[in-house]
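Here's a walk through one protein model, from a single strand pairing out to the whole fold. Have the viewer open and follow along.

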Amino acid sequence: MGSQWSQFFPPNPHFTDVPSCEGKVFIVTGGSSGIGLELCKRLYQEKGRVYIAGRSEKSGRDAIQEIQRAVPGGQGSLEFLHLRLDDLESITASAAVFRSKESKLHVLWNNAGVSRPPVGSISKQGIELQLAVNCLGPFLFTQLLLPVLQSTASDEPGSVRVVWTSSQSVELSAPTGGFDLSDVISPPPDATKCYVNSKTGNIFLSTELARRYGKSSGIISVASNPGNALTNLFRHTPYVNYLVRPLLYKPETAAITQLYAGLSPDISLTENGSYIVPWGRLSTQLRSDLVEATKPRDDGGSGRAMEFWEFCVEKTATYM
């Protein structure tokens, strides 16, 4: 329980001196509000080339203007990238647009997400919305950008990362072993359970990407619990803001976790597949059953993460 307590009430952040991002190219999904917006501000401030990926061009343009006002004289660059994570077909086009503009990608923050929409909410392809937006969409987007990530890692070893945004709710609420794959294949009419399953899936995708592409391609993949922040993630459950408001922090504080996950020199290929907790710490206390689920059966694990990866491959194959 001590680990959970320290995530509810984290120690003061220590990753405050962010290295220069000059010459680096970043994508932040969901970068027009909340934690993603604060992350983009800091990357821009440190001279990074930042793509704010999201579904609303107006929100993206507004975010760019807000960042430029907040960082006058900033020497980074900001671009909007249209991305609808609830539409697998459009994700292919979004990745193609990015690849037409850039030959490098240093860090991809899979930051966007949806939490507890009305039961029955689905994506354009008819998939339960949280599974689509939180897992399948980011999985496909990452796969389509893999050639750029691999090329960048080859040219600049140690510089390339993918950050998958999870949640403390996994350690608090996920059943033993993470989830039953049958609940992913046929989601129950329970928005909270589907949310926890999707956030468990983010941890599984992180460790599998690390296992499959770490040693071979030099790509570092980590999952993070950014911290409990007051953002529009709770727009479908406004009562949550009132019930847990004393435990909610400013988005700019939670953004430090994401900065650490993407840029800290503490994280190398040795720490690939790690879990990052607020406000930028390598967790050594992820639930043992979840750790077991991230390992293949040949390595003494349950193989649950591998099974979920293969499920995602099957669901997105048409759009690869």
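Strands here are DSSP E runs of at least two residues, helices are H or I runs of at least four residues, and both are numbered from the N terminus. Strand 5 covers residues 161-165 and runs parallel to strand 4, with four bridges joining them. Two strands count as paired if DSSP finds at least two bridges between them.

Before going further, some ground rules. This is a predicted model, so local features need pLDDT of at least 70 and side-chain atom pairs count only at pLDDT 80 or more, while totals for chains, interfaces and linings use all residues. Residues are numbered from 1 along each chain as its sequence is written, and side-chain values use heavy atoms, with hydrogens and water left out.

"Buried" means under 20% relative accessible area, "exposed" over 50%, and "partly exposed" in between, using a 1.4 Å probe and protein chains only. As background, side chains in a regular strand alternate between the two faces of the sheet.

Strand 1 (residues 25-29) pairs with strand 4 in the parallel sense over three bridges, and Leu 108 is the bridge partner of Ile 27. How many of the residues of strand 1 are buried? The count is five of five. Val 25, Ile 27 and Thr 29 point one way, Phe 26 and Val 28 the other.

## Out to the edges

Strand 1 also runs parallel to strand 2, this time with five bridges, and Ile 27 stands opposite Tyr 51 there. Strand 2 (residues 49-54) then pairs with strand 3 in the parallel sense over six bridges; here Tyr 51 has Glu 79 as its bridge partner.

Put together, eight strands form an open sheet in the order 3-2-1-4-5-6-7-8, with mixed pairing. Strand 3 (77-82) and strand 8 (281-282) each have a single partner strand, so one side of each is left without a neighbour in the sheet.

## Two residues and their contacts

Gln 168 sits in the loop between strand 5 and helix 6 (169-173). Its relative accessible area is 2%, so Gln 168 counts as buried. Setting aside residues up to four places away in sequence, Gln 168 touches Gln 4, Gln 7, Phe 8, Asn 225, Asn 228 and Tyr 275. A contact here is heavy atoms within 4.5 Å.

Arg 211 is in helix 8 (residues 191-217) and is partly exposed, at 38% relative accessibility. Apart from neighbours within four places in sequence, Arg 211 is in contact with Pro 296 and Met 306. The C-alpha atoms of Arg 211 and Gly 273 are 7.4 Å apart, although 62 residues separate the two in sequence.

Most residues other than glycine have a negative phi, and most peptide bonds are trans. Lys 47 has a positive phi, near 75°; it lies in the loop between helix 2 (34-45) and strand 2 and is partly exposed at 32% relative accessibility. Arg 116 also has a positive phi, about 50°. Arg 116 belongs to the loop between strand 4 and helix 5 (129-155) and is buried, at 18% relative accessible area.

Then there's a cis peptide bond from Pro 278 to Trp 279, with omega near -15°. Trp 279 is in the loop between strand 7 (275-277) and strand 8.

## The whole fold

Zooming out, the protein has 12 helices and eight strands. The C-alpha atoms fill a box of roughly 50 × 45 × 40 Å along the principal axes.

Buried residues make up 57% of the 320. Of the contacts between residues at least 6 apart in sequence, 76% join residues at least 24 apart.
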